Amino acid sequence: MLQSEAFQSCEALPSIDLPQSLREIKSSAFMYCGSLESVVIPYGVTSIGDGAFGDCGALSYVEIPDTVTSIGSAAFALCRELTLSVPDSVTEIGGFAFNQVPQVYYSDPLGTGYDWGAYQVN
C-alpha cells in the first residue's frame with residue numbers, strides 16, 4: 001500500500017516506477033506533484049484513493065489496469081493535461097474524481113451517465 005500523502009507536494013518527480021506488489025494507492029499520495037507527467041499503475045492495484053493524483057498539473061498519461069475497481073473523490077481533479085481511459089472493472093467512482101480533466105474514456109457499465117466533473121466523457 002502506498003500511504004496517504006506519501007509523495008504529496010514533491011515537485012521534482014516527473015515519473016515514478018511503482019512496485020508490482022502495490023495493491024492500493026491511498027488518499028493524496030501524489031497530490032500537488034506539479035512535475036509528475038506519467039504514471040503506470042501496476043496490475044493488482046484495486047483502489048485509487050481520494051485526491052491521489054489531485055492537482056498534478058503536468059500529468060498527461062496514466063495507465064490504469066483492469067484490476068482497479070474503485071477511484072476516490074477528486075482522485076484526478078485539476079489534472080488539466082490528462083486524457084484518461086478508465087477500465088470497465090471500475091465500479092465505484094467518487095464525486096468530482098475527474099474534475100476539470102479534459103477527456104475521459106469510460107463506457108459506464110453501470111449506466112450512471114454521470115461525468116464526475118470531467119469536461120467530456122466518451
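Lys26 is partly exposed, with a relative accessible area of 26%. Here buried means under 20% relative accessible area, exposed over 50%, and partly exposed in between (1.4 Å probe, protein chains only). The model is predicted: local features need pLDDT of at least 70, side-chain atom pairs count only at pLDDT 80 or more, and totals for chains, interfaces and linings use all residues. Residues are numbered from 1 along each chain as its sequence is written, and side-chain values use heavy atoms, leaving out hydrogens and water.

Lys26 forms a salt bridge with Glu24, with the closest N and O atoms 3.6 Å apart. A salt bridge puts a side-chain nitrogen of Lys or Arg within 4 Å of a carboxyl oxygen of Asp or Glu. The structure holds 1. Glu24 is also partly exposed, at 27% relative accessibility.

Now the sheet. It is open, has 4 strands in the order β2-β4-β6-β8, and pairs in parallel. β2 (24-25) and β8 (92-93) stand at the edges with a single partner strand each, so one side of each lacks a neighbour in the sheet. Strands are DSSP runs (E, at least two residues), numbered from the N terminus. Two strands pair if DSSP finds at least two bridges between them. β4 (residues 47-48) is joined to β6 by 2 bridges. Ser47 stands opposite Ser70 in β6.

Thr67 lies in the loop between β5 (61-63) and β6 (70-71). Thr67 is buried, at 14% relative accessible area. Leaving aside neighbours within four places in sequence, Thr67 has contacts (heavy atoms within 4.5 Å) that include Pro42, Tyr43 and Ser89.
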